[in-house]
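Try each task before you read its solution.

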Amino acid sequence: MKEQLLKEFKEKFGSEGDIRSYFAPGRVNLIGEHTDYNGGHVFPCALTIGTYAIVRKREDRNFRFYSTNFESLGVIEASLDNLKYDKALDWTNYPLGVVWAFIEKGYPVDYGFDMLLFGNIPNGSGLSSSASVEVVTGVALRDLFGYDDISMIDIALFGQYSENNFNGVNCGIMDQFAIAMGKKDQAIFLDTSDLSYTYAPIKLANEKIVIACSNKKRGLGDSKYNERRAECEEALAELQTKLDIKALGELSEEEFESNKDLIKSEVRQRRAKHAVYENQRTLKAVDALKAGNLEEFGKLMNASHVSLRDDYEVTGIELDTLVENAWEQEGVIGSRMTGAGFGGCTVSIVKTDCVDKFIENVGKAYLEKIGYAADFYVVEIGDGGRVLE
Ligand code: ADP
Ligand code: MG
């Protein structure tokens, strides 16, 4: 892979100088959905698929970018002297945003670079290709400019900072964190309220993680996301009239049940219930995994989907079709939607010898019901962003 990309880089940008290679993965969240902005836990892992970057520092203040995923856009040029979001610069706003974030955070970037990208994760499907581009850029900048005191967590934070403030996308920290800090065969148990985290090994001896991408075009997702956030905030405020809590994630199921009548609408009660129960499910899922109980982990994944479908109402016909068909297949340990919902992907744990049949059957049922095909990815859990030697 790297050799082929180096060759392409040299064809586009010339072969002279010190050309370096970097990689950052995509990520999938195994459980803990819509908990991050409710002071709860998430449980994502980095994948072996992601974004490759071939980069050479320049001696002037210019940038040249090329992505093999956006060939038709050709080479896109930019300059350090005009570093601001510009729609015409298309995808390069992501790497440029990270350059901007480095400078904002006190790490001067005085020279431009030439960059070729290649991603083998789908774009805009919820595997976080944008965060992958941000982290691979951060790793490259740290290496090219010798900023050894920048940690991988800093790189994650700079990535989020740039996506929030340069690209204007209201994302949490989970994606960049998982992509920067991922470890082979480990998921990350992350408390989004204070960024404390531990690794939990995922021993999949006879099972695979299968991601199904719904290919649903982006619709009302963003506005619904903001609506859910607002509903949770309102429910929290109602509970706070009696309870001394800062976030829904602080409540146990019992505490929620005995106080839920403080929430004056049935809809908001269901939203808050999801936030509370999903956080508790995430805690239980991590314990189950640590105890080697994959069956229990799978049941919690299924319960997560039901809660996202019925109480939080963020699934939609596409994700429900994928998951409900997955549940009927042989060898499925668990299956749920992953990411913000309304489209994007599902994640399933499937016995290895059932994977082919799973993809065939779920794919066929999806095509029949929805009218267009889903894409399937059998993924491995990989390391976080890094320099490629
Ligand atoms: P997601 O992060 O869920 O994949 P986003 O819409 O947040 O979806 O990010 C997708 C965008 O990130 C793409 O439209 C593009 O601008 C940028 N991007 C991701 N991967 C690449 C790549 N390999 N080359 C160039 N741009 C990329
Ligand atoms: Mg994104």
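**Exercise 1.** Work out which handedness the crossing of α4 and α5 has, and describe the packing.

*Solution.* Start with the handedness: α4 and α5 cross in a right-handed way (left-handed if the near helix is turned anticlockwise from the far one by less than a right angle, right-handed if clockwise). Helices here are DSSP runs of H or I with at least four residues, strands are E runs of at least two, and both are numbered from the N terminus. Next, the geometry: α4 (residues 152-165) and α5 (residues 174-181) pack at about 145°, with axes 8 Å apart. The axes are lines fitted to C-alpha atoms, for helices over the stretch in contact, and angles run from 0 to 180 degrees between N-to-C directions. Then list the contact: α4 brings Met152, Ile153, Ile155, Ala156, Gly159 and Gln160, while α5 brings Gln176, Phe177, Ala180 and Met181 (contact means C-beta atoms, placed from the backbone, within 7 Å). Finally, sort by class: seven are nonpolar, three polar and none charged. Ala, Val, Leu, Ile, Met, Phe, Trp, Tyr, Cys and Pro count as nonpolar, Asp, Glu, Lys and Arg as charged, and the others, Gly among them, as polar.

Before going on, some ground rules: this is a predicted model, where local features need pLDDT of at least 70 and side-chain atom pairs count only at pLDDT 80 or more, while totals for chains, interfaces and linings use all residues. Residues are numbered from 1 along each chain as its sequence is written, with chains lettered from A and ligands numbered from 1 in the order in which they are written.

**Exercise 2.** Find how many residues surround ligand 1, and which element gives the largest share.

*Solution.* Count 17 residues around the ligand, with Ser67, Trp91, Gly119, Ser129 and Ser130 the closest (near means a C-beta atom, placed from the backbone, within 6 Å). β6 (113-119) and α3 (129-144) are the elements giving two or more residues. The largest share, three residues, comes from α3. Six of the shell residues are nonpolar, eleven polar and none charged.

Definitions and conventions. Two residues are in contact if their C-beta atoms, placed from the backbone, lie within 7 Å.
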